[in-house]
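Hello,

Here is the structure I promised to pass on to you. Please have a look at it first, and then read my notes below.

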Amino acid sequence: MFEKYRKRFDRRRLVLIAALALVGLYVGWRMGGFETQPEQKPCVEGRKEIKDKDGKVVQVTRTTCYEDVKK
């Protein structure tokens, strides 16, 4: 039963498949394809007013964005 598969997948072919899989994993790792953290949304500066049902301003939220300085 397995004789047919032994002829098809000899040692040389299995080594080639494993080498290609390892190269694919390495390239994916180096290109950042396996990052688990999603990118952060860009900061949007501005002012946001929250109003009640009568239209009066209840809360004002201001957003100020700062650049990250990495040294």
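**Salt bridges and other findings**

Searching the whole structure turns up two salt bridges, where a salt bridge means a side-chain nitrogen of Lys or Arg within 4 Å of a carboxyl oxygen of Asp or Glu. Before the details, a word on the source: this is a predicted model, in which local features need pLDDT of at least 70 and side-chain atom pairs count only at pLDDT 80 or more, while totals for chains, interfaces and linings use all residues. Residues are numbered from 1 along each chain as its sequence is written, and side-chain values use heavy atoms, with hydrogens and water left out.

E49 is partly exposed at 38% relative accessible area (buried is under 20%, exposed over 50% and partly exposed in between, with a 1.4 Å probe and protein chains only). The other pairs D10 with R12, at 4.0 Å from N to O. Here D10 is partly exposed, at 30% relative accessible area, whereas R12 is exposed, at 67%.

From first C-alpha to last, the 20 residues of α2 reach 29 Å, close to the 28 Å expected at 1.5 Å a residue; the expected span is 1.5 Å times one less than the number of residues. The number of buried residues among those 20 is one, so α2 lies largely in the open. W29 is in α2 and is exposed, with a relative accessible area of 53%. Together with V23, Y26, V27 and M31, W29 forms a nonpolar surface patch of about 590 Å² accessible area. Patches take residues with over 30% relative accessible area and no salt bridge, joining nonpolar side chains (Val, Leu, Ile, Met, Phe, Trp, Tyr) within 5 Å and like charges within 9 Å; areas are Shrake-Rupley values with a 1.4 Å probe, only the protein chains shown counting as cover for residues. Just after α2, G32 has a positive phi of about 80°.

Finally, there is one disulfide in the whole structure (a pair of cysteine sulfur atoms within 2.5 Å). C43 and C65 form this disulfide, with their sulfur atoms 1.7 Å apart. C43 sits in the loop between α2 and β1 (46-51) and C65 in the segment after β2 (57-63), so the pair ties together parts 22 residues apart in sequence.

Best wishes

Key
Helices (H or I, at least four residues) and strands (E, at least two) are DSSP runs, numbered from the N terminus.
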